Amino acid sequence: MIGVKTPFRVSFAGGSSDIAYYYKKYGGKVISSSINKYMFHFINEYRNKKETLIKYSRTELIKDKREIKHPIVREISKLYNIKGLDIHSIADIPKGSGLASSSAYTVGLIKGLSYLNNKDLTKEEIAQMACMVEIDKLKEPIGKQDQYAASYGGLNLIKFNKDDTVSVKRIKISKENLIFLSSSFLLVKVGKSRNASKILGIQKENIKDEEVLNNIHEIQGLVEPMFSAFKTVDIKKIGEILTYNWELKSSLTNLTSNKLIDQMFKDISKIKGFYGGKLLGAGGSGYFLIVGNQAAIRTISNKFETIRFSFDFKGSEVIIDS
């Protein structure tokens, strides 16, 4: 059996500038971090060598890869022979949460199958392959930051260049300050899980609008101030930038926010010691990323459904080989 652990991510600034339509014209950059919430893949030999068992939120037993209903597995089956395998995936947090679960799934499965086939792919190669599967083959209207965050791990400044190359720069912060930062962040659940593709598809089309394009320019412009705020461990500044990022992002489509989201963010904002936050992922529902002092974090935790997290620095990795 091979077991692979792949982290989810939170995005702090620059989202939407990682979409090809944008970065190929202007260049893009984001600050994001993988966190200690994971997608797990367990790959084992199946008792029938002519069949494949795929288990996720549903179970598929197939004889022909063309029968596979899970789009990511179906596409990856064109790259690796999965006949005779039992592929089982479970996650710490359900899909549709805004934490890049689909990309974590893609990265983790590629990591596991490449390892099984004795191919020592680099983190860059795994991220590239995941982007190819999700963006080029499946035509998902998403950017490239999630695949790189899941593959590399860590708190990073990721740049998307006009020539389609990507550079990943680790943001170096002391262990003591990382612990402090982790204790100042909180994920707050809002609404139910959603399909991000519809929202992202509309956003992708809206990029052609001048006002939306200018907002993405501003969102990308928040990356450098966010980088400085992390380096100086200025959580108040981080909060202010997150909130402004959310104000800009919520204007990209009329589906990004709604009355429930707006009211919940307003209620959280009234709590003393709250410094700022934004909704993660495409929008519509999911998790707010909140930053505040310890009193605010405790108050919010008592009032809402929340998740505490810390930073992950390993990225996708094999944890079982037996």
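Predicted model: local features only at pLDDT ≥ 70, side-chain atom pairs only at ≥ 80, totals over all residues.
**Strands around E3**

I looked up the partners of strand E3, residues 52–55. I found E3 paired with strand E4, residues 59–62, in the antiparallel sense, with 4 bridges between them. The link from E3 to E4 is a hairpin of 3 residues. I then turned to strand E5, residues 85–91, which runs parallel to E3 and is joined to E3 by 3 bridges.

I checked Lys55 against both partners. In E4, Lys55 has Thr59 opposite. In E5, the residue opposite Lys55 is His88.

**Helix H8**

I took the span of helix H8 next. H8 covers residues 210–221, 12 residues in total. From first C-alpha to last, H8 reaches 16 Å, close to the 16 Å expected at 1.5 Å a residue.

Which residues of H8 are buried? I listed Val212, Leu213, Asn215, Ile216, Ile219 and Gln220. They lie on the same side of H8, because the arc they cover around the axis is only 160°. I note the general rule that an α-helix has 3.6 residues a turn, so residues three or four places apart point the same way. On the face of H8 turned away from the buried side, I found the exposed residues Glu210 and Glu211.

**Helices H3 and H5**

I looked at how helix H3, residues 101–116, packs with helix H5, residues 145–152. Their axes are 9 Å apart and the angle is about 50°. That angle makes H3 oblique to H5, since angles under 35 degrees count as roughly parallel and 65 to 115 as roughly perpendicular. I recorded the crossing of H3 and H5 as right-handed.

Note on methods. Residues numbered from 1 in each chain as written. Heavy atoms only, no water. Pairing = 2+ DSSP bridges. Helix = DSSP H or I, 4+ residues; strand = E, 2+ residues; numbered from the N terminus. Expected span 1.5 Å × (residues − 1). Buried < 20%, exposed > 50% of the residue type's maximum accessible area, 1.4 Å probe, protein only. Arc of directions from axis to C-beta. Axes fitted to C-alpha atoms, helices over the stretch in contact; angles between N-to-C directions. Parallel < 35°, antiparallel > 145°, perpendicular 65-115°, else oblique. Left-handed = near helix turned anticlockwise from the far one by under 90°.
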